Amino acid sequence: MINILLALIGVTGVGKSYYKDKIEKELDFEKLKIITNRKPRIGEINGSDKIFVTTDELNKLVDDGEIAFKFNLAGMTYAFPKKEMFSYRNIVFEFHYSELENLKKVCPNVKSLYLLPKDINIAREKLLERHMDSELEKARMQDLNEHYEKVTNDKKLLDMFDHVVYNNYDEESDREVLNIVRELVKIGE
């Protein structure tokens, strides 16, 4: 059996966290515990989805050879532990499209599922519900708008993903996402 490494990709507010939790619960995947030097958001629990460390602690993990992949995003560093990326378990995680090509060089069996909102205004509302500090919120909104503009105007960008789902934040979208993941698991058996 080949393990599935499933990267959920899409603009902020499109439902990556929602589907990550749903796939974990309904399809027996494990969530990748991403290591990061960013500060936890309200409601985030250290060790649940992410492991929050200092920059020095993260650098030590890299030096000790415990990291499979690391990248920078919005001034913060994110790292994927080797023990999870190269296990025999099915793993699901959120990811930024800009690093997908680099990740596939390290982990060629990564499958990508791009979530595209049918209504970008819902994704914008979801971002505002996070109650971030105003500068961060402004930067994330700008990133959301630029990302959405890029992906809706560049067909070649969408072609880099293994699967694309138009999320309408409804049961039909849930079924489509779960059916794609079920098929990936069947292929890997």
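At 11% relative accessibility, D174 counts as buried, where buried means under 20% relative accessible area, exposed over 50% and partly exposed in between (1.4 Å probe, protein chains only). The model is a predicted one, in which local features need pLDDT of at least 70 and side-chain atom pairs count only at pLDDT 80 or more, while totals for chains, interfaces and linings use all residues. Residues are numbered from 1 along each chain as its sequence is written, and side-chain values use heavy atoms, with hydrogens and water left out.

Back to D174, then, and its partner. D174 forms a salt bridge with K22, with 4.0 Å between the closest N and O atoms; the term stands for a side-chain nitrogen of Lys or Arg within 4 Å of a carboxyl oxygen of Asp or Glu. This pair ties together distant parts of the chain, since K22 sits in helix α1 and D174 in helix α8 (residues 171-188), 152 residues apart. Helices here are DSSP runs of H or I with at least four residues, strands are runs of E with at least two, and both are numbered from the N terminus. K22 is buried too, at a relative accessible area of 17%.

By the salt-bridge rule, the count comes to 12. Another of these bridges brings together the side chains of K50 and E44, at 3.7 Å from N to O. K50 belongs to strand β4 (residues 50-52) and is buried at 13% relative accessibility, whereas E44 is partly exposed at 24%. Leaving aside residues up to four places away in sequence, K50 touches I34, T36, R38, E44 and I45, a contact being heavy atoms within 4.5 Å.

Then there is K155, whose salt bridge with D159 has its closest N and O atoms 2.8 Å apart. The two residues are four apart in helix α7 (residues 155-159), so about one helical turn separates them. K155 counts as exposed, at 59% relative accessibility, and D159 as partly exposed, at 48%. Elsewhere, salt bridges that share partners join D21, E24 and K31 into one network.

Now for the sheet. Five strands make up an open sheet in the order β2-β7-β1-β8-β9, with parallel pairing; two strands pair if DSSP finds at least two bridges between them. The edges are taken by β2 (30-31) and β9 (163-167), each with a single partner strand, so one side of each is left without a neighbour in the sheet. Strands β1 (residues 5-10) and β8 (residues 110-117) run parallel and are joined by six bridges, and L5 has V110 in β8 as its bridge partner.

Two helices lie across strands of this sheet. Helix α1 (residues 16-27) lies across β1, β2, β7 (91-95), β8 and β9, at about 155° to β1. Helix α6 (residues 134-153) lies across β1 and β8, at about 105° to β8. Axes are lines fitted to C-alpha atoms, for helices over the stretch in contact, and angles run from 0 to 180 degrees between N-to-C directions.

Helix α6 also packs with helix α5 (residues 120-128), at an angle of about 160° and with the axes 10 Å apart. The two are therefore roughly antiparallel, the word used for angles over 145 degrees. Their crossing is right-handed, meaning that the near helix is turned clockwise from the far one by less than a right angle. On the α5 side, I120, A123, R124, L127 and L128 meet E137, R140, M141, L144, N145 and Y148 of α6.

Technical notes
Angles under 35 degrees count as roughly parallel, over 145 as roughly antiparallel, 65 to 115 as roughly perpendicular and the rest as oblique.
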